[in-house]
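Trainee: I have just opened this entry and would like a guided tour. Could you take me through it step by step?

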Amino acid sequence: MATTTNGRPTASGSSTPSPAPTIDSPAALIADLEKRLAKAEAEARRWHRAHDRVQSTFPVRAARVTRRTLRSLSGRRSASTATPARAADAQAPAAPSATPAAPRFPNEETNARRMEIFDHLLATLPKGKIVDLGAGHGHFSVRAADAGWSVTAADARTVRFQSDPRVEWVHSDVRNFDVEPYDVILCLGLFYHLTLEDQLNLLRRWAGRPLIIDTHLDTGQERPDLTATRVTIDGYEGRYYGENLESALASWENTESFWPTVPSFRRMLAEAGFKVVLEVAPWYLIDRTFFLALPSPAATAESGE
Ligand SMILES: C[S@@+](CC[C@H](N)C(=O)[O-])C[C@H]1O[C@@H](n2cnc3c(N)ncnc32)[C@H](O)[C@@H]1O
């Protein structure tokens, strides 16, 4: 410890304080302070830039490490015929099972796989009235009609609607759509075009009946249309997706939508009353799959169904 000549510690901890710079006039003092301030600002900017670089590339780097880990895990496991690698095994940022094998973008094969999954999920439910929210091209609506369901297709854009008379085609913003008359809700390719606020509101309104939901989630993947930085809002983690409102596939009004992480998505469903959630694995895209979300029997009884 630094001490004075009489043995007591100095206030600054330094035995010989460095001499203050000699300043001859107030103008010189100001000039000197401005020089120091500019230097400090430049230093701060350098730190910010370095920090931003680390922040913005972190999910990308994390995803690379995760993918490598999952690849090596699934290689090892397939050799020993064990179950496919799961995210938790690799401490991944909520990456889904068998992700490395799944393509990043849809193609003919994944579109066919969507239909196949859809058919299977639908077949588990007793036939009744079903609504396809954000129906778009209406392929799933028509498929449900083929399977004997009474179908309504709703979308804020009607350009891609079909003319199948078995389906009721409704021009509507799903955020104002009354789902009360329906036994089952379809939310296919729509959820990830909504804001967090809309997602929470809609899940609450949809609760009480089975929900088939097919959505992208934030699994730490590299995508130029997703912000690199993960955000936490009211405890829900995820990333923002920039909408291109010119596209017929985009959100209706919001320029950004929210892609929750898998745990946050599951939490959202649970809080809305979907107590049993079945996840379709393997995921058909690197960051996208179907879920069948079921209300608790109590909620179903309360709603009189
Ligand atoms: C990616 S497409 C999905 C189409 C189809 N359901 C599928 O899974 O292939 C998204 C659809 O959601 C519709 N959409 C987005 N936001 C909407 C909103 N707030 N209300 C109604 N439709 C909306 C778009 O117009 C578009 O047709």
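This is a predicted model: local features need pLDDT of at least 70, side-chain atom pairs count only at pLDDT 80 or more; totals for chains, interfaces and linings use all residues.

Trainee: Then what pLDDT does the protein chain average?

Mentor: pLDDT is the predictor's confidence in each residue, from 0 to 100. In this chain, 71% of the residues score at least 70. The average for the protein chain is 81.

Trainee: Let us turn to β4. How many of its residues are buried?

Mentor: Strand β4 covers residues 184-188. On one side Val184, Leu186 and Leu188 are buried, and on the other Ile185 and Cys187 are buried too. Both faces are therefore covered, given that a residue with 20 or more other C-beta atoms within 10 Å of its own is buried. The count of buried residues in β4 is five of five.

Trainee: Which residue of β5 is the bridge partner of Leu186?

Mentor: β4 runs parallel to strand β5 (residues 211-216), and four bridges join them. Strand β1 (residues 129-133) is also parallel to β4 and joined to it by four bridges, with Val131 opposite Ile185. In β5, the partner of Leu186 is Ile212.

Trainee: And through which helix does the chain cross from β4 to β5?

Mentor: The path is a β-α-β crossover, and it is right-handed. The helix spans residues 196-206. Its name is α4.

Trainee: What residue follows α5?

Mentor: Helix α5 takes in residues 262-272, with Val262, Phe265 and Leu269 among its buried residues. The cover over those buried residues includes α4, β7, β8, β9 and β10. After α5 comes a residue with a positive phi, near 110°, and that residue is Gly273.

Trainee: Is Asp234 buried or exposed?

Mentor: Asp234 sits in the loop between β6 (231-233) and β7 (236-242). Its phi is positive, about 50°, although Asp234 is not a glycine; most residues other than glycine have a negative phi. Asp234 has 8 inside 10 Å, so it counts as exposed.

Trainee: Last one: which residue does a cis peptide bond join to Ala281?

Mentor: Most peptide bonds are trans. Here omega is about 0°.

Definitions and conventions: Residues are numbered from 1 along each chain as its sequence is written. Helices (H or I, at least four residues) and strands (E, at least two) are DSSP runs, numbered from the N terminus. A residue is buried if 20 or more other C-beta atoms lie within 10 Å of its own, exposed if 12 or fewer, and partly exposed in between; C-beta atoms are placed from the backbone. Two strands pair if DSSP finds at least two bridges between them. A crossover is right-handed if, with the strands pointing away from the viewer, the path from the first strand over the helix to the second runs clockwise. Two residues are in contact if their C-beta atoms, placed from the backbone, lie within 7 Å.
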